[in-house]
Amino acid sequence: MPAAAEHAPSPITYVTRKFPPGVGGMEQLAAELAALVTQDGAATVVAWDGRRRSLPGFGARLLGLTWRAPGPGALLVGDVGLAAGWPALARAGTGRRVVVAHGLDVVWRPAAYQRRVCEVLPRFDAVLAISEATRQACLARGVPPDRCQVVPPPVRPGPVVADRGRLEATLGLGLGGRAIVLLLGRLVPRKGALWFLEAVVPRLPEEALVLVAGEGPEAARLAEQVRAGGLAGRVVLLGRVNDDTRALLYGTADALAMPNLPTAGDMEGFGLVAVEAAMAGLPVVAADVEGLRDAVPPSPIAWRVPAGDGAAFAHALGEAVGISPEARAAGRQAAEARLAPQALAGRWLTAIRG
């Protein structure tokens with residue numbers, strides 16, 4: 001047999017229901033995994049982009065996977081929700097069957113869903129959890145420890161724009177020398193934004209400016225807290241921001257806060273925003289909970305503090321906004337060395353193929 005054929009990598013079939021142009025951490029990871037498996041060798045990507053008109057085609061391809069199952073090689077399922085909704089994937093093909101576990105897709109509370117997860121998840125040959133907290137959730141649902149490992153998500157460094165004048169124009173607000181604290185993410189209870197406005201902002205210096213970027217079901221409550229708490233001059237709610245504004249925020253803010261709170265039936269599987277910020281050299285102060293422990297390891301620009309401790313958050317933010325440019329550069333280099341796609345490619349391919 002020719003040497004090239006003898007050593008050709010086994011094919012990978014990757015199926016995911018989360019994919020760009022959809023927006024979110026799962027979509028980001030899906031895009032990186034698709035790029036990884038296709039550049040490595042023979043691979044097939046079956047992806048739904050989230051648009052209703054493309055759903056029938058995705059369903060037809062799923063049927064094809066289970067009726068005309070892939071042969072030897074690996075079948076990679078993008079999340080536990082897809083595996084629970086289409087359990088035949090756990091038995092499709094004759095090769096290795098692998099599923100990625102994110103967090104919420106494991107712990108989502110409906111009883112019928114949990115029964116299905118406990119039934120289907122242990123059937124896979126391997127479960128790849130993106131954090132230790134997610135791995136523990138999988139083990140609690142019957143996955144054998146030797147079939148469940150942590151493989152952190154690859155994060156691609158994005159553009160960074162450091163321009164206070166441009167941020168002033170974007171906000172319509174003079175910044176002067178004010179320290180800028182950024183919160184960025186979906187406005188849901190576990191992200192802790194409402195708690196932050198109530199318990200941390202009053203402890204920050206009067207001149208500090210808090211920018212909250214994101215949308216979600218708590219947006220109206222945050223707006224009411226800004227009004228009722230007299231925070232109009234100290235907190236600006238930006239709503240959903242585009243990629244250009246995100247790059248400007250990462251490059252111009254002085255610190256990122258991730259004040260997550262433990263929430264039943266929900267969890268932070270990892271915390272991609274924390275890694276994106278670190279890769280931009282932006283100091284990060286995060287709650288010491290769940291997947292944030294993996295996303296925010298010890299670093300020159302990282303602080304983990306007890307969840308729900310307003311005084312600890314305010315103190316850490318005071319240290320973070322004064323960090324030196326040299327520390328920012330060291331933190332950025334450490335984050336890229338640990339989690340950039342090229343640093344993790346080998347780990348993912350080995351875990352997928354076994």
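Tutor: Let's start with Asn260, which lies in the loop between β10 and α12. Here helices (H or I, at least four residues) and strands (E, at least two) are DSSP runs, numbered from the N terminus. The structure is a predicted model, in which local features need pLDDT of at least 70 and side-chain atom pairs count only at pLDDT 80 or more, while totals for chains, interfaces and linings use all residues. Residues are numbered from 1 along each chain as its sequence is written, and side-chain values use heavy atoms, with hydrogens and water left out.

Student: Why is Asn260 called buried?

Tutor: Buried means under 20% relative accessible area, exposed over 50%, and partly exposed in between (1.4 Å probe, protein chains only). Asn260 has a relative accessible area of 1%, so Asn260 counts as buried.

Student: What makes the link between the side chains of Asn260 and Glu268 a polar contact?

Tutor: A polar contact is a pair of N or O atoms within 3.5 Å; within protein, one must be able to donate a hydrogen and the other to accept it, and residues adjacent in sequence count only if both atoms are side-chain atoms. The two side chains meet at 2.7 Å, and the backbone oxygen of Arg190 lies 3.4 Å from a polar atom of the Asn260 side chain.

Student: Which residues is Asn260 in contact with, leaving aside its neighbours within four places in sequence?

Tutor: Contact means heavy atoms within 4.5 Å. Among the residues that Asn260 touches are Lys191, Gly192, Ala287 and Val289.

Student: Which way do the residues of strand β10 point?

Tutor: Ala255 and Ala257 point one way from β10 (residues 255-258), and Leu256 and Met258 point the other way. In a regular strand the side chains alternate between the two faces of the sheet. All four of these β10 residues are buried.

Student: How do you know that β10 pairs with β7 and β11?

Tutor: Two strands pair if DSSP finds at least two bridges between them. There are 2 bridges joining β7 (residues 180-184) to β10, and 3 bridges joining β10 to β11 (residues 284-287). Both pairings run parallel. Val181 stands opposite Ala255 in β10, and Ala257 has Val285 in β11 as its bridge partner.

Student: What makes the unit of β10, α12 and β11 right-handed?

Tutor: A crossover is right-handed if, with the strands pointing away from the viewer, the path from the first strand over the helix to the second runs clockwise. The β-α-β unit made by β10, helix α12 (residues 272-279) and β11 is right-handed. So is the one made by β1, helix α2 (residues 25-40) and β2.

Student: Why is Val284 called buried?

Tutor: Its relative accessible area is 2%, so Val284 falls under the cut-off. Val284 is in strand β11, and its contacts beyond four places in sequence include Leu256, Ala274 and Trp303.

Student: How do you know that the buried residues of helix α14 line one face?

Tutor: They are Gly310, Phe313, Ala314, Ala316, Leu317 and Ala320. Seen down the axis of α14, they fall within an arc of 165°, so they line one face of the helix. The arc is that of the directions from the helix axis to the C-beta atoms. These residues pack against β7, α9 (193-199), β10, β11 and β12 (302-305). At the N-terminal end, Asp309 caps α14, with a side-chain oxygen 3.3 Å from the backbone nitrogen of Ala311.

Student: Why is the pair of Trp108 and Tyr113 called edge-to-face?

Tutor: Rings of Phe, Tyr and Trp (its six-membered ring) pair if their centres lie within 6.5 Å; planes under 30 degrees apart count as stacked, over 60 as edge-to-face and the rest as tilted. By this rule there are 4 aromatic pairs. The ring centres of Trp108 and Tyr113 are 5.0 Å apart and their planes are at 75°, so this pair is edge-to-face. Trp108 is partly exposed at 45% relative accessible area, whereas Tyr113 is buried at 14%.

Student: What makes Trp195 and Phe313 an edge-to-face pair?

Tutor: Their rings are 5.7 Å centre to centre, with 70° between the planes. Trp195 lies in helix α9 and Phe313 in helix α14, so the pair ties together parts that are 118 residues apart in sequence. Phe313 counts as buried at 0% relative accessibility, and Trp195 is buried at 15%.
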